[in-house]
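Please open the structure in your viewer and keep the sequence panel beside it. This tour tells you what to select at each stop and what you will find there.

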Amino acid sequence: MEFEEVLKNAEENEITKEEALYLFKETGRYDKALKLFEVASRVRDDEIGNVFKLDGFIGLITHCTVDPPCRYCHSSSNIKSGFGLENVLTIDEIVEGARLIEETGISMTELGGGTTVGNSGEKVIEAVKAVKRATDLDIWVNVGPALSEDTLKELKNVGGVDVTSSFEVNPLNEELFRKVKPGDDLDARKKLANMINDTGLGLNSVLMSGLGESYEDRVDHMFYLKQFENFKYFLCTWFHPAPGTPMANYPLTSPLEAAKTAAIARLIFRDIDIHISGYEHIPLWIMAGVNRVVHAGASVHRVRDGAGWHTIGAEVKHINDRLDFLNLLPTTVRFITGAGMEVEPEIERRWINEV
C-alpha cells in the first residue's frame, strides 16, 4: 500500500477500513498530514460545497444522573457540576434563548443535556415543540440514551429534528467503554442509535479522540456508524482534561490528532456534516475537511462564574441573573471567511459587514 496511491484513490472513492488505518499510521508527521488534509478538504468542497455551518447551543435541557459519571466529565469532579439539576433551563428560558440565537442568523441549534436515567423524553418533547412554535430553527437533540421509541416518533412528526446517540468511545470496545464511562449503558446507546435510524430521524454521533483508544478503535468506530443509512452528522471531539476528575492527569489531545481523525472521516463518509469542537482552531478544521461546528456560533447557558463561558472573542449578554447569552460570531465568521469558506446566507447578511 502506497501513501500517494491511497490518497489519489480517495479523491474519487470511499476509503476502506484498511486504508483508513493505514492513513492514521502514516500521517504522524505534519508533511503527510497536510497531504491528507488537502484531499479531505477537496472531497468536502466537491461533495457538499463551500459553506461552513455554525450551530447554536441551548442547555441544559435535562440533567445527568449517570452514576458513577463518565471519568472525563465535570460531573465526576469535586467542582460544582455543570450537569446538575440546578443548571437545567426552564421552557421559558429555552424559548428566550432560541429567539436570541435565531436573531443572529443561525438556522440550527442543539438542545443539549445530560442523561436522566429512566426518563423517556417528556421534557425534550416539550422543549422541542416550544422552540418550534417560537422560531423557525431546525433542532438537534443531544441528551444521551433517555428517549423512548414513542418520543422519537413524536419528534419525527414535529419535523426538522435530528437526534444524537453519542458513544465517544468505540462501541465495539466494551472494555474501554466501561473503563472511561463506568456508569453509562453501552447497550442503551446502541439501541437508541438503531431506533433513531429506524424511525427515519437524522442520526448524529460523537467520537472523542484521546481517551486511551487505538487507531483501530477509531476506525472500527467510524465503520460501525457507517451501517446507519440515516447517519447525518459526525462530531469529532478531543479530550481536554478537567480539573478534579479521575482523568485530570491524562494528556491533552493534540489538535492535529483531532484534525487527522476528521479528515479520515471525510474520506469515509464523504457527504455528511463533520464537526470538530474548538472555535479557536477553525482554520485548522477547515483545512481538514470539516464543514460544521457547534459551540462556535451562539449559545445560552446558566450563569456559571469561572466556568469558562466568558470566552476570548465572545460577546456576552446577561439575560438575567440566571442566564447568559454568548455570541462568538464576530470571531468565528472572520475565521471562516478568512480561510476562504462561506457562511450561511442569514449569518452573512447579519455579520459580514460587522467583522
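Which residues form a nonpolar patch on the surface? Select Tyr-30, Leu-34 and Met-287, which make up this patch and together have about 310 Å² of accessible area. As you look, bear in mind that this is a predicted model, in which local features need pLDDT of at least 70 and side-chain atom pairs count only at pLDDT 80 or more, while totals for chains, interfaces and linings use all residues. Residues are numbered from 1 along each chain as its sequence is written, and side-chain values use heavy atoms, with hydrogens and water left out.

A patch is built from residues with over 30% relative accessible area and no salt bridge, where like charges are joined within 9 Å and nonpolar side chains (Val, Leu, Ile, Met, Phe, Trp, Tyr) within 5 Å; the areas come from the Shrake-Rupley method with a 1.4 Å probe, and for residues only the protein chains shown count as cover. Met-287 belongs to helix 11 (residues 282-287), helices being DSSP runs of H or I with at least four residues and strands being runs of E with at least two, numbered from the N terminus. Met-287 is partly exposed at a relative accessible area of 38%, given that buried means under 20%, exposed means over 50%, and partly exposed lies in between (1.4 Å probe, protein chains only).

Next, select Glu-12, Asp-46, Glu-47 and Asp-271, which gather on the surface in a patch of negative charge. Of these, Asp-46 sits in helix 3 (residues 30-48) and counts as exposed, with 57% relative accessibility.

Now turn to the charged pairs, and begin with Arg-292 and Asp-55, whose side chains meet in a salt bridge at 3.0 Å, N to O. Arg-292 lies in strand 8 (residues 292-302) and Asp-55 in strand 1 (residues 51-59), so this pair ties together parts that are 237 residues apart in sequence. A salt bridge here is a side-chain nitrogen of Lys or Arg within 4 Å of a carboxyl oxygen of Asp or Glu, and a search of the whole structure finds 26 of them. Arg-292 is buried at 3% relative accessibility, and Asp-55 is buried at 2%.

For another pair, select Lys-181 and Glu-168, which form a salt bridge with their closest N and O atoms 2.8 Å apart. Lys-181 is in the loop between helix 7 (174-180) and helix 8 (186-199), and Glu-168 is in the loop between strand 4 (161-164) and helix 7, so the pair ties together parts that are 13 residues apart in sequence. Both of these residues, Lys-181 and Glu-168, are buried.

Move on to helix 13 (residues 345-351), where Arg-349 and Glu-346 are 3 residues apart and therefore separated by about one helical turn. Their side chains meet in a salt bridge (2.9 Å, N to O); Arg-349 is exposed, at 60% relative accessible area, whereas Glu-346 is partly exposed, at 40%.

How many disulfides does a search of the whole structure find? The search finds 0, a disulfide being a pair of cysteine sulfur atoms within 2.5 Å. The closest cysteine sulfur to that of Cys-70 is in Cys-73, 6.2 Å away and too far for a bond, while the sulfur of Cys-236 is 18 Å from its closest cysteine sulfur, in Cys-70, which is also too far. Cys-70 is buried, with a relative accessible area of 11%, and Cys-236 is buried at 1%.

Notes:
Lys and Arg count as positive and Asp and Glu as negative; His and the chain ends are not counted. The place of a charge is taken as NZ of Lys, CZ of Arg, CG of Asp or CD of Glu.
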